[in-house]
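Dear colleague,

Please find the structure below, handed over for your own work. My notes on what was found in it follow directly after.

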Amino acid sequence: MNSPPFSSLPLEQLLAQLQSTLTGLESGVAAKRSQEQRKLLPSESRFQRELKLLVRQFSNPLLLLLVVAVILSAMLGKPPIPSSFSSSCWQPDF
């Protein structure tokens with residue numbers, strides 16, 4: 001049941017298969033098809049779309065590693081850089 005690709009079909013057969021004409025679809029048929037296609041699309045709320053975006057942004061492994069490091073640092077109470085490098089202790093040698 002292998003049908004030939006669209007590119008190899010004669011024009012009349014292709015137009016009949018697509019239920020169209022050389023000038024295109026009539027506006028009523030086009031509106032009906034558009035409405036049918038809209039029914040098939042999943043509808044998502046804005047909240048769902050933005051929640052998916054937020055989850056995708058945190059799916060990067062390096063970002064997850066950074067988040068874990070920040071959480072561990074906060075739990076252990078240690079500064080991210082040693083105190084010997086802080087600006088109050090460091091003085092240039094002039």
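Lys52 counts as partly exposed because its relative accessibility is 45%; the classes are buried under 20% relative accessible area, exposed over 50%, and partly exposed in between, with a 1.4 Å probe and protein chains only. This is a predicted model, in which local features need pLDDT of at least 70 and side-chain atom pairs count only at pLDDT 80 or more, whereas totals for chains, interfaces and linings use all residues. Residues are numbered from 1 along each chain as its sequence is written, and side-chain values use heavy atoms, with hydrogens and water left out.

Salt bridges

Lys52 forms a salt bridge with Glu44, and the closest N and O atoms of this pair are 2.3 Å apart. The term requires a side-chain nitrogen of Lys or Arg within 4 Å of a carboxyl oxygen of Asp or Glu. In general, side chains of opposite charge can pair when their charged atoms come close. Glu44 is partly exposed, its relative accessible area being 33%.

By this rule the count is two salt bridges. Glu50 and Arg46 form a salt bridge as well, with their closest N and O atoms 2.9 Å apart. Because they are four residues apart in helix α3, Glu50 and Arg46 are separated by about one helical turn. Glu50 is partly exposed at 43% relative accessibility, while Arg46 is exposed at 59% relative accessible area.

Overall composition

The protein chain holds four helices and zero strands, and its elements run α-α-α-α from the N terminus on. Helices (H or I, at least four residues) and strands (E, at least two) are DSSP runs, numbered from the N terminus. Of the 94 residues, 3% count as buried. The chain exposes about 9,200 Å², of which carbon and sulfur atoms supply 64%; accessible areas come from the Shrake-Rupley method with a 1.4 Å probe, and for residues only the protein chains shown count as cover.

Nonpolar patch

A nonpolar surface patch of about 1,200 Å² includes Phe47, Val55, Phe58, Ile71 and Met75 among its residues. The elements that give two or more residues to this patch are α3 (46-57) and α4 (61-76), and α4 gives the most, with seven residues. Patches are made of residues with over 30% relative accessible area and no salt bridge, like charges being joined within 9 Å and nonpolar side chains (Val, Leu, Ile, Met, Phe, Trp, Tyr) within 5 Å. Val55 lies in helix α3 and counts as exposed because its relative accessibility is 52%.

Helix α4

How many buried residues does α4 have among its 16 residues? The count is zero, and α4 is hardly covered. At 1.5 Å a residue, the 16 residues of α4 should span 22 Å, which agrees with the 22 Å between its end C-alpha atoms; the expected span is 1.5 Å times one less than the number of residues. At the start of α4, a side-chain oxygen of Asn60 reaches to within 3.0 Å of the backbone nitrogen of Leu62. After α4 comes Gly77, with a positive phi near 75°.

N-terminal part

Leu9 is found in the segment before α1 and is buried, with a relative accessible area of 15%. Not counting residues up to four places away in sequence, Leu9 touches Pro4, Leu14 and Gln17, where contact means heavy atoms within 4.5 Å. Gln19 is found in the loop between α1 (11-18) and α2 (27-40). Although Gln19 is not a glycine, its phi is positive, at about 55°. Gln19 is also exposed, with a relative accessible area of 63%.

Kind regards

Key
Polar contact = N/O pair within 3.5 Å; in protein donor to acceptor, adjacent residues only side chain to side chain.
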